[in-house]
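Please follow this walk through a protein structure and its ligand. The text begins at the ligand and then moves on to the helices and loops.

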Amino acid sequence: MQAERAAVATADVRVGLIGCGILRSRTPAMHMAEAKAQGFVCTYDLLDMEDDERRDMSLAEMLDRVEADGYAGVNVTYPYKMEVISLLDELSVNAAAVGAVNTVVFKDGKRFGHNTDLWGFAESFHRGLKGAVKDDVLLIGAGGAGVAVANALANAGIKRLSIHDVDYNRALDLVEHIAERHPELPARAIAEISDAFSGGRPNGVVNATPMGMAKLPGSALPIEYLSDNLWVADIVYFPLETQLLKDARDHGCKTLPGSGMAVFQAVRAFELFTGQPADPERMKATFDAFDSKPSG
Ligand code: NAD
């Protein structure tokens, strides 16, 4: 399957985000500010499917509507990243690898699906953990984002991957997925986190569970496993300073916050929607500006 970009150049564009419970998303601000800085207008609509006006609409109807209304594309988030695939014409390599789509581009009467979460984590990881040893990694959480992170870690050349999920079957499914797509990477499912630390220690841990979100406080990694020779990445970014990252910093670990993945997934989506490269630093500044406002 083939990836496609919208050939919009600097014409004004309209895009949006389809999902549930998305009203606090920082993505619209990042896209609109980036377009403004480049001298064109990007209108980015939050299309929350739990709003009264959309409550009775299906995802298929919503996608038909935005396409008919001339949107250049849409981001898609929880709970539609997998459901949307059956409504598309083509998938990018990354979207096919992950089995989930977070960016849809409309072009020439066709719908192209992309997964910018994979690239978003990969880019954040590459830039944010330079010099860290990445041979042996523990991934906690094997849901939608966990699949993208596992593929990004495999692409980054890690040598061994342990996967833990409270739903052990999900960890097993992800091991199978990695074995098919990255046979060079030994991956194993572990029932207990302690299994990753017996007979050797991982160099790094990635949290891809929702634990640590404002509505799910706590940490998926018990504090006793932290030490200064472990790096710790979290993909949760609300709050930015999760319990895990705070504990990790207190133990002298190198850390990588989830904001990087959130920013870089938007950077790539902007490029796909508009055909224009985006400035990651500028988009990050817009993202960070939320933290100085009274409400996120
Ligand atoms: P999901 O529901 O698809 O998957 C979460 C997985 O974590 C599930 O398999 C669940 O069983 C497992 N889990 C939950 N608690 C656990 C625990 N304590 N220990 C082990 N496993 C546990 O969710 P998702 O779409 O994969 O998203 C996960 C998190 O990542 C969310 O908080 C989301 O906001 C965040 N996320 C961030 C970005 C970003 O750009 N930074 C992108 C996507 C998702």
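An oxygen atom of the ligand is found 3.2 Å from a polar backbone atom of Ala-262. The model is a predicted one, and the distances and angles in this text are computed from it.

In Arg-170, an N or O atom of the side chain is 2.7 Å from an oxygen atom of the ligand. In Gly-144, the atom concerned belongs to the backbone: a backbone N or O atom lies 3.1 Å from an oxygen atom of the ligand. In total, 20 residues surround the ligand. The closest of these are Ala-145, Asp-165, Arg-170, Met-213 and Ile-235.

Ala-262 leads on to the helices, for this residue of α9 also takes part in the contact between α9 and α10. Helix α9 covers residues 259-274 and helix α10 covers residues 280-289. Their axes are 10 Å apart, and the helices pack at an angle of about 125 degrees. The two are therefore oblique to each other. The crossing of α9 and α10 is right-handed. On the side of α9, the contact is made by Ser-259, Ala-262, Val-263, Phe-264, Ala-266, Val-267 and Phe-270. On the side of α10, Pro-280, Met-283, Lys-284 and Phe-287 make the contact. Sorted by class, the residues of this contact are nine nonpolar, one polar and one charged.

Helix α10 also packs against helix α1, which covers residues 27-37. Here the angle is about 135 degrees and the axes are 9 Å apart. That angle makes α1 oblique to α10. The crossing of α1 and α10 is right-handed. From α1, the contact involves Ala-29, Met-30, His-31, Ala-33, Glu-34 and Ala-37. From α10, the contact involves Arg-282, Met-283, Thr-286 and Phe-287. Six of the residues in the contact of α1 with α10 are nonpolar, two are polar and two are charged.

α5 passes α6 in a right-handed crossing. The residues of α5 in this contact are Gly-146, Val-147, Ala-150 and Asn-151. Those of α6 are Leu-174, His-177, Ile-178 and Arg-181. By class, the contact of α5 with α6 comprises four nonpolar, three polar and one charged residues.

The loops hold some backbone features to look for. Pro-79 sits in the loop between β3 (73-76) and β4 (90-91), and the peptide bond from Tyr-78 to Pro-79 is cis, with omega near 5 degrees. Another cis peptide bond runs from Phe-238 to Pro-239, with omega near 10 degrees. Pro-239 belongs to the loop between β11 (231-234) and α8 (243-250).

What is phi of Asp-108 near? Phi of Asp-108 is near 50 degrees, a positive value in a residue other than glycine. Asp-108 is placed in the loop between β5 (103-107) and β6 (110-114).

How values were computed
Residues are numbered from 1 along each chain as its sequence is written. This is a predicted model: local features need pLDDT of at least 70, side-chain atom pairs count only at pLDDT 80 or more; totals for chains, interfaces and linings use all residues. Side-chain values use heavy atoms; hydrogens and water are left out. Axes are lines fitted to C-alpha atoms, for helices over the stretch in contact, and angles run from 0 to 180 degrees between N-to-C directions. Helices (H or I, at least four residues) and strands (E, at least two) are DSSP runs, numbered from the N terminus. Angles under 35 degrees count as roughly parallel, over 145 as roughly antiparallel, 65 to 115 as roughly perpendicular and the rest as oblique. A crossing is left-handed if the near helix is turned anticlockwise from the far one by less than a right angle, and right-handed if clockwise. Contact means heavy atoms within 4.5 Å. Ala, Val, Leu, Ile, Met, Phe, Trp, Tyr, Cys and Pro count as nonpolar, Asp, Glu, Lys and Arg as charged, and the others, Gly among them, as polar. A residue is near a molecule or strand if one of its heavy atoms lies within 4 Å of it. A polar contact is a pair of N or O atoms within 3.5 Å; within protein, one must be able to donate a hydrogen and the other to accept it, and residues adjacent in sequence count only if both atoms are side-chain atoms.
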